[in-house]
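Dear colleague,

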Amino acid sequence: MADLSARVQPGSLAGRGMQQRHALELILARLSRPELLAKAGRAERRVLAFAREAAELAKTLPEGPRARLRALVGEGLTGHATLVPLFHLVRTAALLRARGFEVRFDGLLHDASYDLLITRDGAVAEVVCETVSAEEGRSLHKGDWAQLVDLVNPELQTWLAAHPGRYILKMTLPEGVTDQTKLSELHTRITTMLAAEKRQDSCADAVLKLDPLILAGAQAASDPQRALPARLREVFGVEAHLAVTADPSSGSVFVMAARAGRENEISLAVKRRAAAAATSRFTGERPGIVAVFLDDLEAAEWNALRDTLKLEVVIRRFLTEPAAKLVVALSCTTRQEFFALGEFAPEGELRFRNPGHPAAKSAGLKPAISSN
């Protein structure tokens, strides 16, 4: 917590992103105070329930497996890592127990390559729990975007005070931002363009265009930093990166909207991780289930993946490929399901059964739950 506090700059976009990523750890730290524990909300109570399950699990483990569990906790509290992988493991086990399976933590108990061994009515399956960051499927990472906004924002506020009005800077970044050098170069290009009062700056790496901001229904908003984002999201879609800078004294607004040169490949990132797990973590002696936690994903992006069936199409295709020959089913869940926020997936996850696997029916697994 001390490390997080030192790294989070108040009011910065990167700081808000870090708070979102470490929401689980922040909740646990906050609820360590008895006066706040009694006021815990629904999401906080869910976190506590899984924390208690982890603690109860630790009590049942011999010293060696308990040391492995402690190591998972330590890894989750180091640097950019989080406790999500550990809580995903605990939550997956709880879901399977609720569906009538007996669950054994073979990864902890025997240092097995898979995580869980589940049995029910004579059927047995191995389960691997994988945590995949949505950043793996983005050409322009949200973390890089946040850094860029924080670099530009102080100069932008000065520029906006000298140029009252409503503006939108549209950016198309064909190759995204892949390192700190490109991030600095893009920052320089934006500030140079604004200082020269240019309307457009184009090259192979980026196309920048400054236009008046004209959005029906948003022009008369009294609080643009609250009213504009939803309207901008409607216009630019879930994949766009957006930032709003406002000068309340003059009513001036400056919006930055960026898109990568190609669509996000979040579904393919899930497939790649599932394929790697399917070919390396199962023993081959029993059917396998891949349980994926898709992290660093906004609710609108998750809803879009489900509504457009993008994830479903990719996963169903994967289940027909040789890499999935040991996979009897694949499930996918996000923080929406973990915290029970908004429109989360039914039964706490999307589940896809491999109809070509001979054990799919005998394992007692339900057919795939599609997003339509």
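The second largest pocket is lined by 29 residues, and those nearest its centre are Leu 72, Glu 75, Pro 85, Leu 86 and Cys 129. Here a pocket is, on a 1 Å grid over the protein atoms alone, an open set of points where a 1.4 Å probe fits, with protein on both sides within 12 Å along at least five of seven lines, and lining residues have an atom within 4 Å of a point. Two or more lining residues come from each of α6 (63-76), α7 (84-98), α8 (106-110) and β3 (123-133), helices (H or I, at least four residues) and strands (E, at least two) being DSSP runs numbered from the N terminus.

Please keep in mind that this is a predicted model, in which local features need pLDDT of at least 70 and side-chain atom pairs count only at pLDDT 80 or more, while totals for chains, interfaces and linings use all residues. Residues are numbered from 1 along each chain as its sequence is written, and side-chain values use heavy atoms, with hydrogens and water left out.

Turning to the strand, 8 of the 9 residues of β8 (residues 252-260) are buried, that is, under 20% relative accessible area with a 1.4 Å probe, protein chains only. Strand β4 (residues 166-173) runs parallel to β8 and is joined to it by 8 bridges, with Arg 166 partnered by Val 253, whereas β7 (residues 241-247) is antiparallel to β8, with 7 bridges, and Asp 247 stands opposite Ser 252. Strands count as paired if DSSP finds at least two bridges between them. In the hairpin of β7 and β8, with 4 residues between the strands, Gly 251 has a positive phi near 75°.

With best wishes

Note on methods: Buried < 20%, exposed > 50% of the residue type's maximum accessible area, 1.4 Å probe, protein only.
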